[in-house]
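Please have the sequence and the model open as you read.

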Amino acid sequence: ESEDTAANARALLIALAEEQRAQRQHPFLRAVVAAFWHSLCIWESWRIIQHFLGLLNPLLLQQVLIFQEAQSSDAAVAGIDRDVASRGITAVFALVALGFFLILFNSQLDLYGQRLTV
C-alpha cells in the first residue's frame, strides 16, 4: 500500500471528477470510497475481528466462574475434578494473554485508522 500523499490525492481527485461528470448524488463521499475502498475494507475487516475477539472474554470468564464455584462448593473438600481445574487455570492464563494481545491489537488498529484519517 502506497504512502504517497500526492498519488492518493491524485486518485481521489480523479474519482471525484468522474463522480461529478456522472452528476451523482454525494460525489465526494462516492469518490472517497472509490479511491480508498481497499484500505477501508481492510480496516473494517480488522474492526470486525476486534469485535469477535472482545466476545472471547465472557466465554473465558464462564470457565473461570465454573472453576471458582467448584472450589467454593461443599464438594471441594473431597477435591475438585481435574478437568474443571485445568480448564479454569487455562482460562485464567488465556484471559491474561487475551488482555495483553487486545491492548496491542487495539492500539495498532487505532493507528491504522488514524493513518486512514477516518
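1. A word on terms and on the model, to begin. Helices (H or I, at least four residues) and strands (E, at least two) are DSSP runs, numbered from the N terminus. This is a predicted model, in which local features need pLDDT of at least 70 and side-chain atom pairs count only at pLDDT 80 or more, while totals for chains, interfaces and linings use all residues. Residues are numbered from 1 along each chain as its sequence is written, and side-chain values use heavy atoms, with hydrogens and water left out.

2. Now the overall fold. Along the sequence the pattern reads α-α-α-α, with four helices and zero strands in the chain. The radius of gyration, taken over C-alpha atoms, is 24 Å, well over the 13 Å that the globule rule gives for 118 residues, so the chain is more spread out than a compact globule. That rule is 2.2 Å times the number of residues to the power 0.38. Along the principal axes, the C-alpha atoms fill a box of roughly 80 × 30 × 15 Å.

3. Next, burial and surface. Of the 118 residues, 20% are buried (buried means under 20% relative accessible area, exposed over 50%, partly exposed in between, with a 1.4 Å probe and protein chains only). The chain exposes about 8800 Å², and carbon and sulfur atoms supply 64% of that area; accessible areas come from the Shrake-Rupley method with a 1.4 Å probe, and for residues only the protein chains shown count as cover.

4. How are the contacts spread along the sequence? Taking contact as heavy atoms within 4.5 Å, 61% of the contacts between residues at least 6 apart in sequence join residues at least 24 apart. Leaving aside its neighbours within four places in sequence, valine 64 is in contact with Gly88, Ala91, Val92 and Leu95. The C-alpha atoms of valine 64 and alanine 91 are 27 residues apart along the chain and separated by 6.1 Å.

5. Rings of Phe, Tyr and Trp (its six-membered ring) pair if their centres lie within 6.5 Å; planes under 30 degrees apart count as stacked, over 60 as edge-to-face and the rest as tilted. By this rule there are two aromatic pairs. Phenylalanine 101 and phenylalanine 105 form a stacked one, at 5.6 Å centre to centre and 20° between the planes. These two phenylalanines are four residues apart in helix H4 (residues 82-115), so about one helical turn separates them. Phenylalanine 101 is partly exposed at 41%, whereas phenylalanine 105 is buried at 13%. Ring pairs link Trp46, Phe101 and Phe105 into a cluster.

6. Please check the loop between helix H1 (5-22) and H2, where glutamine 23 is placed. Glutamine 23 has a positive phi of about 55° although it is not a glycine, and it is exposed at 70% relative accessibility. Histidine 26, found in the loop between H1 and H2, likewise has a positive phi, of about 50°, without being a glycine. Its relative accessible area is 57%, which counts as exposed.

7. Last, histidine 51. This residue lies in helix H2 (residues 27-54) and is partly exposed, with a relative accessible area of 49%. Between the C-alpha atoms of histidine 51 and serine 39, 12 residues apart along the chain, the separation is 19 Å.
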